[in-house]
Amino acid sequence: MGPLVVLLAVVALLAGCAGTVAPPPPVPPVALTASIAPGAVDVAPAEPLVVSAAGGRLTSVTVTPTGAAPVQGTLDPSGTRWTSPQLAYGTEYRVSAAGVDGQGRPGAPLEQTFRTVAPEETLEIASIRPTDGQTVGVAMPVSITFETPVTDRAAVERRVSVQTSVPTEGSFRWMSDEQLNWRPKEYWRPGTQVTVAARLHGVDSGGGVWGEEDRSFSFTVGRDQRARGDVNQHTLVLYQDGQELRSLPASYGRDIYPTQYGIHVAFEKHEIKRMRSDTWGGPAEGQPGFYDQNLPLAVRISNNGEFVHVNPDSVSAQGRRNVSHGCVNLSPANGEFFYNWVQMGDPVEIVGSSRPLTTRDGDIADWTIPWDEYRRGSALASA
């Protein structure tokens, strides 16, 4: 083959290659989407509305509740994601958004409406413990009590979180349909900072009841203080930071009304507390053993009538005999010391009695439940 033929063949080959080069694909326009479907009704407002831009950025987002001013959302630094504030119940929202692609060319605008659910009944928090900003003892559990029973426990529990400043193993447990608790596996480490967040607004808690509000609170675990009451030795020994601080002569419940053994938790203080035997199932008025007294410096350690309190009438028996109806009796001087020393949330462990403390006996009975059983009380345990 001559040089000219070879040259022509090469030229033809190059021409053929050049003819097969495809033009670059067109750049797709910016696409705008909303996290809530167009025309959706009965939307649960547990999560905010998010408007996103794919293949470009947002240039404007306006979300307007019917009859009100547009809401003030937040645009992320990339300009591709806009997030609304908390949505209201029973409200129709109109969404308008625009965006451009990387070359500044506008895409199709986003226009849609949706309506949030209008609940007939809402789930409200009746009380929390500890209170916000409180310093508590090493045995204090977290408690959230609701105004009405919770049907879908898992849905509510998923929205409650407990964050600690040091790693702390713990678990939720439903103590009843109205009360959700959380406690650490072991006593808290002193100095731990704890934040509890209950993001309940917009949550379907079952039975047509919807979460009313988001709520959060924080508390601090104070110094390590523990009390150990020995029914047979007639003493209440106080420990601080692992060292014995003081041993107080005490009188406990007589045989017919024994002070219950187990880990109690101090959770109320009263300078003066009226005590009646018929309020906890003891003798009624007119029966032998009935009492109705105002007693000083009383610290509640269970919700079945047990207190650590001053009782001047039993001083001669303190350290010698058990003569009370179940309370821990101290002298005026020792009772004042204990009252000023004890923190809410300090454990008070009673030993040597014939009757155990159970979940039926107290508002804080978390430490009477073995750990594995406690964890099974979480609605999310199976998950």
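Predicted model: local features only at pLDDT ≥ 70, side-chain atom pairs only at ≥ 80, totals over all residues.
Student: Okay! How do the residues lining the largest pocket divide into those groups?

Tutor: The lining has five nonpolar, seven polar and two charged residues.

Student: Which residues lie nearest the centre of that pocket?

Tutor: Those are Q293, N311, S324, H325 and N329, out of 14 lining residues. The volume of this pocket is about 230 Å³.

Student: New topic. How many residues has the largest nonpolar core?

Tutor: There are 52 in that core. Those with the most contacts inside it are I144, F146, V160, V196, F219, L236 and F338. As a general point, nonpolar side chains tend to be buried together in soluble globular proteins.

Student: What is F146 in contact with, leaving aside its neighbours within four places in sequence?

Tutor: F146 touches L123, E124, I125, A126, V156, W174, E178, L180 and L200.

Student: Which strands does β11 pair with?

Tutor: One is β9, residues 125-129, which pairs with β11 in the antiparallel sense over four bridges. There, I125 has F146 as its bridge partner. Another is β14, residues 179-184, also antiparallel to β11 and joined to it by four bridges.

Student: Now the open sheet. What is the order of its four strands?

Tutor: The order is β1-β2-β5-β4, with antiparallel pairing. β1 (31-34) and β4 (74-75) are at the edges with a single partner strand each, so one side of each has no neighbour in the sheet.

Student: How many bridges join β4 to β5?

Tutor: Two bridges join them, and β5 spans residues 81-83. T74 has T83 as its bridge partner.

Student: Last one: is A317 buried or exposed?

Tutor: A317 is buried: its relative accessible area is 3%, and the cut-off for buried is under 20%. A317 sits in the loop between β24 (307-310) and β25 (328-330). Leaving aside neighbours within four places in sequence, A317 is in contact with S251 and V323. Its C-alpha atom is 9.8 Å from that of L330, 13 residues apart along the chain.

Note on methods:
Residues numbered from 1 in each chain as written. Heavy atoms only, no water. 1 Å grid on protein atoms, 1.4 Å probe; cavity = no way out; pocket = protein on both sides within 12 Å on 5 of 7 lines; lining within 4 Å. Points joined across faces, edges and corners; volume = space filled by probe spheres on them. Nonpolar A, V, L, I, M, F, W, Y, C, P; charged D, E, K, R; others polar. Core = buried A, V, L, I, M, F, W, Y, C linked by side-chain atoms within 4.5 Å. Buried < 20%, exposed > 50% of the residue type's maximum accessible area, 1.4 Å probe, protein only. Contact = heavy atoms within 4.5 Å. Pairing = 2+ DSSP bridges.
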